[in-house]
Amino acid sequence: MFHKPFARLLFATAFLSSSFLSTSFANAEESGIPHLSGQLKVSIKQGTVDANITISNIPRSKDHSFQLNTGLNIKGITNEDGSENFAYRRKSLEQFYESFAYTIPSDVPNELYQPEVLNFRYSGKYPVYGEAFKARSDWKGNIAFNGKSLRIDGMQTALLPIYYDKLSDRLYKDVTYDLQIDCVDCTSLFVNGSSPARASSHRFVSKLPAEPMMYLGDFDYIELGGNRVLNPIVKKDHIKKGLSVVAQYKSLLSKWFDQPLGNGITFIQTTPVSEKNSWLWVSGGTIVSISHDYYALDRLFSEEGDARFKAHDFIAHELGHVLFNSYPGLQGELSNIVEEGMAEYLSWNLVAELNGERAKQYLVDWRKERLKGKKQKPLSELSLGDDFFQSNSFRYNVMPLFIDAMDTLIGREKVIQWMQELASQEKSLNAESFLASIETAINDNDQYQHLIQRVEW
């Protein structure tokens, strides 16, 4: 589901987005959303993590696991008060690159214990990188200590336990939480779903589900018009202008989908632990920009000519992920592939609204150029077991061009309706159900067959 190769390096970055704080989650307890509570102790300089975390309101599934980062050492998995220390099994699941799957066998042969509450105690020590030595690579699922801060997402890194229902292929990355964060060498702390704190210790509470990505360390932050930028490196006027552009794109998406996209935006600017990697991603209402020499808000205005359209594309693309994750659907590995294509298609149209049709044509041509000389397969052969359909070329180039071709046939309004229906379904998306949804949306068998057999874009 979240393999390391999914990250787009340099400017072309995958935003495997995370949750959006939707009002549809108003009663998290009744809707089966897990709750995390407890304490996390961190040292930025030492690269250490010590945790005592309880997960409650656990959904019920006969085939499930609790995902935790592969670099963590488990002290014990117990009941709520610690009076019973459970035996557990640990294994790797193919769809999770960065975490192990933990399960507890029950007294019944070949069945798993289904707890209502579990307590996890664990610790880990990770490399701390600085100017003297850089990592070979960096990516979204990395637990990244860069010498000044700790950066984790709340999904791939699995620094906190995440419940996974294998039967429905659903990873419960969106949780409510009550977490005490203690960082001995931090000046500021941030957990997605809460406001940042200028402190080395702080209790973070969210009653609405959020992916608990974290940014902890020695950094300042500023707030402008209900939005905030953590570790503000670029010019303040560029920050103001950049946040204004983001707000316009959010407003357009809200209008097109008749879906509220929340209030404030948090923008994090930080450096990778590697020498060359640069990318962006979105967790809820938080946009994370990682680079040594450029930042997304700054590039909206520092690029010259048509090249600036790519900077707009990256921002608008990630806001598309924010939108889709405000819906309950889009579960499973195929959903990540499809969502990238939908976000890119939306990005082209958002950028065109602010910059004209020439901007969209520039981005479409850019994607087509990246397909030159590459062997392609028709969508009718869609299979997750095929390397072509797992490739970045398919998800970022072919998929948005395919959806844009649907737009030509049925119009943007019907394409948006199709997207909404996909994003609202409860079942995990597979090749058969995805193709069936396209056939229904086009509602013309000849046009449908022509489109899914197409191999040249």
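These notebook entries record what I looked up in a predicted model of one protein.

**Basis.** I number residues from 1 along each chain as its sequence is written, and I leave out hydrogens and water, with side-chain values resting on heavy atoms.

**Overall.** I found 10 helices and 20 strands in the protein; these are DSSP runs numbered from the N terminus, with helices being H or I of at least four residues and strands E of at least two. Of the 457 residues, 58% are buried (under 20% relative accessible area, with a 1.4 Å probe and protein chains only). The protein exposes about 19,100 Å², and carbon and sulfur atoms supply 46% of that area (Shrake-Rupley method, 1.4 Å probe). I then took the contacts (heavy atoms within 4.5 Å) between residues at least 6 apart in sequence, and 69% of them join residues at least 24 apart.

I started with β1 (residues 35-43) and β2 (residues 48-56), which run antiparallel and are joined by 9 bridges; two strands count as paired if DSSP finds at least two bridges between them. The two form a hairpin with 4 residues between them. In its turn, glycine 47 has a positive phi of about 70°. Serine 43 stands opposite threonine 48 in β2.

I next followed β2 to β7 (residues 117-125), and this antiparallel pairing also extends over 9 bridges. Threonine 54 has asparagine 119 in β7 as its bridge partner, and valine 49 has glycine 124. I noted that β7 is also joined to β4 (residues 73-78), by 5 bridges and again antiparallel. There, glycine 76 stands opposite arginine 121 of β7.

**A four-stranded sheet.** I traced an open sheet of 4 strands in the order β8-β9-β15-β13, with antiparallel pairing. Its edge strands are β8 (144-145) and β13 (188-191), each of which pairs on one side only. Between β9 (residues 149-152) and β15 (residues 214-217) I found 4 bridges. Arginine 151 has tyrosine 215 in β15 as its bridge partner.

**Helices α4 and α5.** I looked up how α4 (residues 333-355) packs on α5 (residues 357-369): the angle is about 150° and the axes are 6 Å apart. Axes are lines fitted to C-alpha atoms, for helices over the stretch in contact, with angles from 0 to 180 degrees between N-to-C directions. The pair is therefore roughly antiparallel (over 145 degrees). Among the residues that meet are Glu344, Trp348 and Val351 in α4 and Lys360, Leu363 and Arg367 in α5. By class, this contact has 6 nonpolar, 2 polar and 4 charged residues; nonpolar covers Ala, Val, Leu, Ile, Met, Phe, Trp, Tyr, Cys and Pro, charged covers Asp, Glu, Lys and Arg, and the others, Gly among them, are polar.

**Helices α7 and α9.** I then examined α7 (residues 392-410) and α9 (residues 431-442), whose axes come within 10 Å and cross at roughly 25°. They are therefore roughly parallel to each other (under 35 degrees). Met399, Phe402, Met406, Leu409 and Ile410 in α7 meet Phe434, Ile438, Ala441 and Ile442 in α9. I recorded 9 nonpolar residues in this contact, with no polar and no charged ones.

Methods
Predicted model: local features only at pLDDT ≥ 70, side-chain atom pairs only at ≥ 80, totals over all residues. Buried < 20%, exposed > 50% of the residue type's maximum accessible area, 1.4 Å probe, protein only. Parallel < 35°, antiparallel > 145°, perpendicular 65-115°, else oblique.
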